[in-house]
Each structure stands twice: as structure tokens, then as C-alpha cells.
Amino acid sequence: MVVIGLGRFGTSLALELTRRGTEVLAIDNRAKITQALAGQITQIATADATDMEALRQLGVPDFYRAVVAVGGDIEASILATSLLAELEINDIWAKAISTQHGRILSRIGAHHVVFPEHDMGERVAHLVSGRMLDYMQVDENFALAKTKPPKDYVGVPLGRSNLRRKYGVTIVAVKAPGEEFTYADADTELTYGDVILVSGRTEQVERFAELP
């Protein structure tokens with residue numbers, strides 16, 4: 001995972017991803033910032049992310065996902081995002097500071113646009129690093145996640161799945177394609193197109209959401 005821009009949002013994101021075991025390449029053009037974070041993030045580099053050659057030298061094209069977390073410099077944000085698109089990064093996330101900024105980022109190649117006032121770094125880390133569709137930390141160590149059903153539990157009534165015993169999580173609700181969420185019960189059988197709400201201790205929800 002590449003994180004470009006180490007302001008408050010980018011730093012929070014990079015540190016949380018590193019904590020969760022994701023290999024992170026963090027890039028910022030301010031040496032003071034990168035030096036302060038050295039040793040806390042997998043890889044960190046002082047470089048200009050609007051320079052294509054610099055991105056190539058850092059191995060950015062080898063990464064599947066990238067997040068442009070540049071703050072108030074809209075021009076740098078747009079340039080960095082466009083370069084990532086040119087490098088054909090598969091999954092580009094970009095921080096926007098306004099609706100108009102977000103539209104531009106989408107048009108030039110960002111697959112996902114994040115508005116930090118609504119999506120803090122810790123929450124986004126869960127979304128970009130796994131299969132979660134949405135995530136909420138309910139308490140210090142309790143979370144609720146929206147995700148897809150693991151294949152081994154499709155077609156199995158929840159009452160016979162032993163999910164709570166094996167993974168410590170509870171499927172709270174299920175949403176079939178084109179339908180609204182409904183409460184899950186022991187007779188509920190999941191299908192491949194469903195979206196589910198899962199609750200439990202944070203690390204258990206994370207583990208369950210990573211199941212194929």
C-alpha cells in the first residue's frame with residue numbers, strides 16, 4: 001500500500017495500516033515529517049510525489065493500492081492522482097477537501113474519494129486493506145462491519161454455522177441484492193450476492209472479514 005502525504009490524515013492511515021500488518025510505502029516531500037516517522041512505518045521516503053521518475057524509482061508501480069492523502073495543496077493532489085492512474089495502479093484512493101475537488105479526482109482516475117471529515121484514517125485503513133465495505137468502531141474493542149459472506153458459509157443456516165463459537169462474531173443483519181437489510185436469525189441462509197453486518201470484538205471482526 002502506498003500512502004502519499006503525511007499530514008494528520010495520511011499519518012493516521014499509514015500508522016494504522018502498519019499496525020495491522022500491511023506493508024506500507026509512505027511518501028512525503030517534507031524531510032522533517034519523514035524523519036519523525038522513521039521506524040514507525042514499513043517504508044518511508046522523502047520525495048516529490050508529483051514527479052513520475054521519483055515514483056518509479058521508489059517502486060510505486062509494484063503496488064496494487066495507493067492513497068493520495070495530500071492536504072491543502074489541491075494541485076499536488078490532482079497531479080499525484082493522475083500519475084498513479086498513468087502508472088495503472090489498480091486501486092486508487094484519494095482525499096478530497098471539497099465536492100468539486102472530489103469530482104476532479106474521480107475524473108482523472110481515483111477509484112474512491114475520501115472526505116476526511118467523515119472518514120477518519122483508522123476507519124479507512126480497514127476499508128482499503130481488506131474486504132470490508134464499511135466499518136464502525138462501536139467501542140474501544142468492539143466493531144461493526146459491512147462485508148460479503150465468506151464462501152464456506154453460503155447456503156448454510158446461521159444456526160448450524162458455529163460462527164460465534166469459531167470466530168466470535170455475530171451476523172446481525174443481511175441484505176439481499178435489491179432488497180433492504182433484514183435481521184438475521186438461526187434459519188437465515190446467506191447467498192453470494194448478500195451484504196452482511198457483522199459485530200464482535202475488533203480483531204475477531206477483522207479476521208472474519210478477511211475470509212475468502
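Visitor: Is asparagine 162 buried, partly exposed or exposed?
Guide: This is a predicted model, in which local features need pLDDT of at least 70, side-chain atom pairs count only at pLDDT 80 or more, and totals for chains, interfaces and linings use all residues. Residues are numbered from 1 along each chain as its sequence is written, and side-chain values use heavy atoms, without hydrogens and water. Buried means under 20% relative accessible area, exposed over 50%, and partly exposed in between (1.4 Å probe, protein chains only). Because its relative accessibility is 41%, asparagine 162 counts as partly exposed.

Visitor: What is the phi of asparagine 162?
Guide: Most residues other than glycine have a negative phi. Asparagine 162 is not a glycine, yet its phi is positive, near 60°.

Visitor: Is glutamate 88 buried or exposed?
Guide: Glutamate 88 also has a positive phi, about 60°, although it is not a glycine. Its relative accessibility is 66%, so glutamate 88 counts as exposed.

Visitor: Where does glutamate 88 lie?
Guide: Helices (H or I, at least four residues) and strands (E, at least two) are DSSP runs, numbered from the N terminus. Glutamate 88 lies in the loop between helix H4 (74-86) and strand E5 (91-95).

Visitor: Are H4 and H5 roughly parallel or roughly antiparallel?
Guide: The axes, lines fitted to C-alpha atoms over the stretch in contact, have angles from 0 to 180 degrees between N-to-C directions. Those of H4 and helix H5 (residues 99-107) come within 9 Å and cross at roughly 20°. Angles under 35 degrees count as roughly parallel, over 145 as roughly antiparallel, 65 to 115 as roughly perpendicular and the rest as oblique. Therefore H4 and H5 are roughly parallel.
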